[in-house]
Amino acid sequence: MSSPNGTGYLLPATGAQGLANYPHARTIPNTARTIFVSGTSSRRGDGTYEGCETQADGTHVLDCGVQTAAVLRNIETIIRGATNGQRGLESVVDATVFLTDIKKDYAAMNTAWNKVWPDRTKAPARTCVQVAALPNERLNVEIKCQAVVYE
């Protein structure tokens, strides 16, 4: 096994390469337990949202890079809790990223993503999609994922 989240597969250099750090596929051995992490946002325990600044007129200024970093920290907390502190983001095998404005926010999301996974051979497989809305207007990114824990 090359990484705590299995073995990554990358297309040869002649194939289309990812625009961020993620492999084209990941394989995991059958001795692993899967953790399915629900869609997670940048919401804090007090109900506020990291990466959201509410203006005096009630509008919101959203920073997708800050929100993505917070989402990934929240996912790390969830995985650590579900594994009694034994695993974290290194165990994520697949992620789906939901963005409300992919043209505007994709680069900022990728920058935050690449800080967590600087080596694409150890990053999870990933899909990004644009959605019409997320559950709260203070959000511009949400991520759901699956992680593995070896028995």
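Biologist: How are residues numbered, and what pLDDT do local features need?

Modeller: Residues are numbered from 1 along each chain as its sequence is written, and side-chain values use heavy atoms, with hydrogens and water left out. This is a predicted model, where totals for chains, interfaces and linings use all residues, side-chain atom pairs count only at pLDDT 80 or more, and local features need pLDDT of at least 70.

Biologist: At roughly what angle do the axes of α1 and α2 cross?

Modeller: Helices (H or I, at least four residues) and strands (E, at least two) are DSSP runs, numbered from the N terminus. Axes are lines fitted to C-alpha atoms, for helices over the stretch in contact, and angles run from 0 to 180 degrees between N-to-C directions. Helix α1 covers residues 64–82 and helix α2 residues 102–116. Their axes come within 8 Å and cross at roughly 40°.

Biologist: Which word describes how α1 and α2 lie to each other?

Modeller: Angles under 35 degrees count as roughly parallel, over 145 as roughly antiparallel, 65 to 115 as roughly perpendicular and the rest as oblique. The axes cross at roughly 40°. So α1 and α2 are oblique.

Biologist: Which residues of α2 does α1 meet?

Modeller: Contact means heavy atoms within 4.5 Å. From α1 come Cys64, Gly65, Thr68, Ala69 and Leu72. Their partners in α2 are Asp105, Ala108, Met109, Ala112, Trp113 and Val116.

Biologist: How many residues of each class are in the contact of α1 with α2?

Modeller: Ala, Val, Leu, Ile, Met, Phe, Trp, Tyr, Cys and Pro count as nonpolar, Asp, Glu, Lys and Arg as charged, and the others, Gly among them, as polar. By that scheme, the contact has one charged, two polar and eight nonpolar residues.

Biologist: How many salt bridges does the structure hold?

Modeller: A salt bridge is a side-chain nitrogen of Lys or Arg within 4 Å of a carboxyl oxygen of Asp or Glu. One of them joins Glu76 and Arg80, with the closest N and O atoms 2.8 Å apart. The structure's total is three.

Biologist: Is Asp105 buried or exposed?

Modeller: Buried means under 20% relative accessible area, exposed over 50%, partly exposed in between (1.4 Å probe, protein chains only). Lys104 forms a salt bridge with Asp105, the closest N and O atoms being 3.4 Å apart. Lys104 is exposed, at 54% relative accessibility. Asp105 has a relative accessible area of 4%, so Asp105 is buried.

Biologist: Is Arg26 buried or exposed?

Modeller: Arg26 is found in strand β2, residues 25–27. Leaving aside neighbours within four places in sequence, Arg26 has contacts including Ser3, Val93 and Pro124. At 13% relative accessibility, Arg26 counts as buried.

Biologist: What separates the C-alpha atoms of Glu142 and Thr40?

Modeller: Glu142 lies in strand β8, residues 141–150. Not counting residues up to four places away in sequence, Glu142 touches several residues, among them Gly39, Thr40 and Phe98. Glu142 and Thr40 are 102 residues apart along the chain, yet their C-alpha atoms are separated by 5.5 Å.
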